[in-house]
Amino acid sequence: MAISSSPSWAPGTAIVGKWRGNRYIVDRLLGKGANGIVYLVHREGRREKYALKIGYDTLDLQSEINVLTSLQSREKSREHRGGRAKKPSRPAYLLEADDDQEGGFPFYVMRYVQGSPPHVFLRRKGRSWLGLIGLKLLDRLCTLHECGFVFGDLKPENIVVSDYGEAELIDYGGAGPKGRSVKQFTEWHDRGFWNAGSRSADEGYDLFAFAVLCLRLLDEQGLKTAAAGLPQTRSVDDLLKLAVRLPDRGLSSWLKLALKGGFPSSREAREAWKTRVYRAGREAMRHDRVATPGWLVGAFVLSLLVLAATLYWMAGF
Ligand SMILES: Nc1ncnc2c1ncn2[C@@H]1O[C@H](COP(=O)(O)OP(=O)(O)OP(=O)(O)O)[C@@H](O)[C@H]1O
């Protein structure tokens, strides 16, 4: 069923599931996209917040639900194996799916991810946080790949970073099974746009998009200029040049490999990121934290000299 006009729900509205009977109260609108509208909600009588997505198209929504169901069951079995069956470490990927009792609109309820997009986060906290954010994102991609899916449309708008640097993927509308064609992509992040490979859903496709994401976060102007080139001359070399320009050698070499499709799997890419980018960045952060700025050392020496001169002068009396 395709929905031409979806309902606009005001805060306080109760959405009642037709089949399962659960009631969700709308707190506010979170956002609108090509595939649906997302609201912040809570279950009636409970405090936990969730994101509820109402879709424009039942089939599109169902494919997102399939991905979230796989992630959910994988997380469950992982926690079960780890002996944490009683208390899940994170809220569920997917709480439930149902149709709205009133209008029959399909919806699903997922974990609410609170935070800001990565470019906003990095502007506030500093670029050295890219190592941690990247590691968390690669964790999410590895999990998704191990479930047999590829994310597809990896871009800043589909990432939320919490205040502690936990990065989460939102919007699984572009995700699909490995081996098929990528169904939803965004020009700059798309391997095909750069004539750097096919649009078939493989792990390397997401790693390529991830590498472009890093370039975009660190050198958006450079990426914009490169993307303005003629479609027939545009190539991965344009991106490699941007990667070479980065001052962080470890990051630069990681990006080059990802852009060239050199990682055999996302798991290996993640391990390489951890040693070459994340750990190296952590060392730099630690150093920044303990190193005393030069001006402070100068001011301290000056105050010692003033003190010595004062004592000398007083001793003369
Ligand atoms: N789980 C979530 N937690 C918090 N906010 C969310 C969540 N899911 C979606 N949002 C917000 O709702 C907006 C729209 O959701 P979403 O991106 O899933 O819709 P879409 O129709 O698939 O969008 P697009 O046109 O980008 O494909 C997002 O940009 C984000 O701001």
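**Exercise 1.** Find which residues of helix H6 are buried and what they pack against.

*Solution.* The model is predicted: local features need pLDDT of at least 70, side-chain atom pairs count only at pLDDT 80 or more, and totals for chains, interfaces and linings use all residues. Residues are numbered from 1 along each chain as its sequence is written.

Step 1. H6 spans residues 236-245, and its buried residues are Leu239, Leu242 and Ala243. A residue is buried if 20 or more other C-beta atoms, placed from the backbone, lie within 10 Å of its own, exposed if 12 or fewer, and partly exposed in between. Helices (H or I, at least four residues) and strands (E, at least two) are DSSP runs, numbered from the N terminus.

Step 2. Seen down the axis of H6, the buried residues fall within an arc of 100° (directions from the axis to the C-beta atoms), so they line one face of the helix.

Step 3. Lys241, Val244 and Arg245, on the other side of H6, are exposed.

Step 4. The buried residues of H6 pack against helices H4 (203-218), H5 (220-227) and H7 (249-259). Contact here requires C-beta atoms, placed from the backbone, within 7 Å.

**Exercise 2.** Locate the ligand relative to the domains.

*Solution.* Step 1. The domain assignment, automatic or from a database, gives domain 1 (14-111) and domain 2 (118-290).

Step 1. The ligand is surrounded by 18 residues, the closest being Gly31, Gly33, Ala34, Asn35 and Asp171; a residue is near if its C-beta atom, placed from the backbone, lies within 6 Å.

How values were computed
Two residues are in contact if their C-beta atoms, placed from the backbone, lie within 7 Å.
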